[in-house]
Amino acid sequence: MRKRDHNVLTNAASLLICGLLAGVVVAAAAFPAVAMSGLAAKAGAETFGALPKELTVARAPQISYLLAADGKTPLATMYDENRRDVKLSDVSENMRNAIIAAEDHDFYEHNGVDLNGVARAFVNNSKAGADRQGASTLTMQYVRMGIAYSATHPADVIAATEDTSARKLREMRYALQLDKEMSKDEILERYLNLAAFGNGAYGIYAASQVYFNKPPKDLKVEEAAMLAGLVKAPTSFDPTTKDGYPHAVARRDYVIDNMVKIGAITEQQAKEAKAVKLVVKGKRAPNGCVATNKNAWGFFCDYFYRWWMSQETFGSTSYDRERRLKSGGYTIVTTLDKQAQNGADNAVREAKPVTAKEAVMIAVVEPGTGRVRALSVNRNFKLDNPDKPKNKPHSDPVQRNRGKLGNYPNTVNPLLTGGDGITGYQAGSVFKMYTIVAALEKGIPLSYTFNAPQQFKSEYIVERGSPAACPGTNFYCPTNSGKKPGGVQNMWSAFSASINTYFVPLQQQVGAENVVDVAKRLGIQFRQSKDAEYANNKEAAHQWGAFTLGVSQVTPLELANSYATLAADGKYCEPIPVQEIRDLDGNKLDVANPRCEKRFSTEVARAAVDAARCPVGDNSSTSKCGGSRTAAEVKWNVGKPVAGKSGTTDSEKTASLVAMTKQYAVAGILADPDWPQTNVKMKHNRPDGINPPVWKTLKAAMKGKKGIDFDPPGKKISLGDQRTIPGVTCLDIERAKSRISGAGFQPLVSTSRIASDCPAGTAAGTSPSGRTIKGGIVTIMVSAGKADNNDGGGNGRPGTDPSSGPPNPPSPPGRAPDRPGG
């Protein structure tokens, strides 16, 4: 409706009459005898003109919507009050007429205050025993609600609603002024958006959803009448309760009759509307992360909530930030990728049911943006009911004997992301990646060779008598899985086969404190107090010999993001659960933008990823992976260029795997969050191990997407300073060793012999032959003399040479055995 012209004389008269009648009416309600005197009228006339005219109404709380990354799939809603403002044009004519019929027949005729209504209330309230009338128009009711919502103190809320003459006078004064400044349609729109309709529904949009599961523009006559009837007494007329239902029907029919009186509908339409059985089809809007669209998405939702609560952009205190989220009416497009999330949810539950004490935890991060695409674990995101608990006995025998229940199948603990006492889990050999990066930054190339023994006596000091110490010493002496020597390895082959006695000496060479620093720059948080003690003290970190073997605690999210940084050519991005946030007015907030910085050189990152292709069954044009791969089935099953690493801790108390493409980094950890010292062995390549959930998640995420190859590293960082190996064929072993060491290499005599044309016991050749890195190991092959079927040769080519890895990925694996330390 077009804003009306106001007659100056009419408004002046209204002000005067209101001033006189307001005091009389209110006094009549409380003190009928006094109202009959001239005292109340005189008081009203004198005070009315002095009241303030300007009303500032704060924006009422609005519901915030969380959506998946596609911008349309609902994830969750969060609110203090379930309200979403709508334009009057989006509200059906039936609803507009119904609220006028229920509350203010003359809404479009008066100037904010119904003088006739005030007079009627005065006469009625003067009668002994009569029900009190207040004469409030829709405009005055809006004023009352607006003052209450704008209050900053509980006392102000009470003052806005208490039945006093001061309140009535203030409402009238504000109503008259609003009627001058706003059109009737504007006032009606604001009223409908502010009013409470019960069952947690505030405003007509929420009410139409809660009661009838439809938008307000589609409300029928009988539906609109029921909703209009609720605003008078939402609890008394609640149609969802046994006692409230008959009152709701009666109130609805009353409103329908009044719609006839104002000419909005005909008698026949009224008869038909009242004949319709009142059926409530909607339900209360879900609120918070325990009521997500899919329960499995609750862990992602909780991560989002914790992220929001950490952002100073939304307020200086946690209270302010939560109010902004639950009252700000934001539309938040999260980073949750439905395809990746559903793939992860299916994969973790295929591996372990929600009733299993072992947790299969999967995190997915997008390289180059830090966007968290999925978080999944075989748990219900739910608070266990202490009165009727569903959780199983605690897995820790000590806690179980005390009668304590475990955190499975129901929990709201941030198992995947950390916080609230969750510090993470030991991840094992996946940490060897950080040693590779530190070595590359120190100028040590991927081709760096080392003869890895079965046990390596390091310079790291540990407690004398410790199982990790060499017998009779206080030196840390790690061994390999299976108690076997590693042999001559380079970074590719040592990472592929997960050789402990290659990486501990490599870490010792570059400095453990530098390896820890790499982990920090890759986003590892060191939440556990003892880990933080080492990580934040350079001297202590220098002695952290086992760090490269993954003894520090880490969450799946941190692990995924650290590898994602390398897949993004060394660009670190803070993990983030949102990709767009818009406020009520449609403005985009910058807080959703990726927060990235270059932390590693492109060459270092590419070289590290090149080494990481080996463990998961992939190759590049530069890699020299050797024959052993700890998770070769990843490449075969995903079918795209992949990189990653598996890891296991002592006694197989945890198992981990990272697998990534250029588009997704997936990290999985299998552990018992309730009892880290579990006696259950966590497996890898079994249906209930960690490997299948990881590669299945990556495969699901990549479905329909083109595989992108990783860029190979440069020659220098791969091969280093290459030098020519001198010829030693048929020389005696001592002379061969002297010639090789004289050329700047480290000679190593093979313990086995090969057939050759050279006399037995002399040098049959070297491995590698031709050229290798300066200072690298050159193995002298020992001749066994001539043989009929001599497959040796002048320089010998043993199959164990790590530099002569297979040109193609291995054949599709069967069900390989699990390997501790992998």
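In what order do the three strands of the open sheet with mixed pairing stand? The order is β21-β24-β22, where strands (E, at least two residues) and helices (H or I, at least four residues) are DSSP runs numbered from the N terminus, and two strands pair if DSSP finds at least two bridges between them. The model is predicted: local features need pLDDT of at least 70 and side-chain atom pairs count only at pLDDT 80 or more, while totals for chains, interfaces and linings use all residues. Residues are numbered from 1 along each chain as its sequence is written, and side-chain values use heavy atoms, with hydrogens and water left out.

At the edges of this sheet are β21 (746–754) and β22 (763–767), each pairing on one side only. β22 pairs with β24 (residues 777–783) in the antiparallel sense, over four bridges. G765 stands opposite M781 of β24.

Helix α9 spans residues 184–194 and is mostly covered, with eight of its eleven residues buried; buried means under 20% relative accessible area, exposed over 50%, and partly exposed in between (1.4 Å probe, protein chains only). Among the buried residues of α9 are I187, L188, Y191 and L192. The buried residues of this helix pack against the helices α4 (93–103), α6 (138–150), α8 (165–181) and α10 (203–212), and against the strands β3 (196–198) and β4 (201–202).

N561 lies in helix α24, which covers residues 556–567. N561 counts as buried because its relative accessibility is 4%. Apart from neighbours within four places in sequence, N561 is in contact (heavy atoms within 4.5 Å) with V365, G370, L522, Y572, C573 and P575.
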